[in-house]
Amino acid sequence: MLSRTADHLYWMNRYTERAENTARMLNVNYETSLLPQSAAVAQVGWQGLLSISELLPSYTALYGEVTAKGVMEFMVSDEDNPSSIISCLRAARENARAVRGTLTTEVWETQNQTWLSVNRMLKSGEFERDPGQFFEWVKFRSHLSRGVAVGTMLMDESLHFMRLGTFLERADNTARLVDVKFHAAQRDFFGNGKQKDQEYDFYHWSAILRSVSGFEIYRKVYRDVIRPERVAELLILRPDMPRSLHASMNEVVSNLHLVGSDSGSETLRHAGKLRAELQYGRIDEILATGLHAFLTQFLDRVNDIGLRISRDFLMPEIA
């Protein structure tokens, strides 16, 4: 496969996954903001969302004070923000268009229709009328995109590069979510023992789980009250939780095996080593040594793996 083609397929799915992750976080923040809470607590939530994507400086430069309306506009419809939903879906569609001949008709039509529909919805004011419904639509279109690809694409390198993009992006996003949300909880609320703070903790951890479709899974796996260390274990170490770091790295390693001819490559070795640490890790050891340090290192290593994938398989450097 041409490296240029692989590059477009890889980034098409990374941008689609990024749009879904942004919709998930915005939806949970939006629903949480409807609960009784002070303006200061609500603002912390919106600031945290910007921090996850490392966009707080960019936002304040354009909008100034952090407000729910400003963050929603910046993260949904601001075309100057490369991480907004509209920018991600546009980039996904442009990458799909560049490799139209490699995709099945169903995959191309799904990407193209998503782009046409999101423009219509934003221009007609559907997002402002019902943000929650709009976020559910973005999630559904991402699910549809993945399902159509798996259901219609030949199981060759094209599909493997698409899935590599999906799961590397998912690992990055879940790590950022856990890091920011746990940091906020431990700093401001976690462990006070007051009834009001305990109630906040419940909604806080429930919101984190719902943002990764993990609330029902948590209940099924642990059958207990929501405890922070178990939330961390579920989202980091459980291989059967679809959006966990362990499950995402399982998919990255599996697809690297399928696209790489050299089983001893450094890219595969780094990915496999990271996956092994998640496979044999224990949450009590991670918490004892520092969750923030662990997740910061994880993000650095995922970014390094992404750079190695680009160097090995995707756009070659022009001399």
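Me: A crossing is left-handed if the near helix is turned anticlockwise from the far one by less than a right angle, and right-handed if clockwise. Is the crossing of α1 and α5 left-handed or right-handed?

Reply: This is a predicted model, where local features need pLDDT of at least 70 and side-chain atom pairs 80 or more, while totals use all residues. Residues are numbered from 1 along each chain, and side-chain values use heavy atoms, without hydrogens or water. The two helices to look at are α1, residues 3-33, and α5, residues 85-98. Their crossing is left-handed.

Me: How many helices and how many strands does the protein have?

Reply: Helices (H or I, at least four residues) and strands (E, at least two) are DSSP runs, numbered from the N terminus. On that basis, the protein comes to 16 helices and zero strands.

Me: At roughly what angle do the axes of α1 and α5 cross?

Reply: Axes are lines fitted to C-alpha atoms, over the stretch in contact for helices, with angles from 0 to 180 degrees between N-to-C directions. The axes of α1 and α5 come within 8 Å and cross at roughly 160 degrees. Angles under 35 degrees count as roughly parallel, over 145 as roughly antiparallel, 65 to 115 as roughly perpendicular and the rest as oblique. So α1 is roughly antiparallel to α5, given a crossing angle of roughly 160 degrees.

Me: How do α5 and α6 run: roughly parallel or roughly antiparallel?

Reply: Helix α6 takes in residues 105-123, and its axis comes within 9 Å of that of α5, crossing at roughly 150 degrees. The contact (heavy atoms within 4.5 Å) is made by I86, L89, R90, A92, R93, A96 and R97 of α5 and W108, Q111, N112, T114, W115, V118, N119 and L122 of α6. The crossing is left-handed. The two helices are therefore roughly antiparallel.

Me: How far apart are the axes of α14 and α16?

Reply: Helix α14 covers residues 266-280, and α16 covers 291-313. From α14, residues including H270, L274 and L278 meet residues of α16, among them F298, V302 and I305. These helices cross in a left-handed way and are roughly antiparallel. They pack at about 155 degrees, with axes separated by 9 Å.

Me: Is K69 buried or exposed?

Reply: Buried means under 20% relative accessible area, exposed over 50%, and partly exposed in between (1.4 Å probe, protein chains only). You will find K69 in helix α4, residues 68-76. Its C-alpha is 39 Å from that of T5, which is 64 residues away in sequence. With a relative accessibility of 67%, K69 counts as exposed.

Me: What is the relative accessible area of G281?

Reply: G281 sits in the loop between α14 and α15, the latter being residues 283-289. Between the C-alpha atoms of G281 and I236 there are 9.5 Å, though the two residues are 45 apart in sequence. G281 is partly exposed, and its relative accessible area is 25%.

Me: What share of the protein's contacts with a separation of 6 or more comes from residues 24 or more positions apart?

Reply: Let us step back to the whole protein. Its C-alpha trace spans about 60 × 50 × 40 Å along the principal axes, and 51% of the 319 residues are buried. Among contacts with a separation of 6 or more, the share from residues 24 or more positions apart is 65%.
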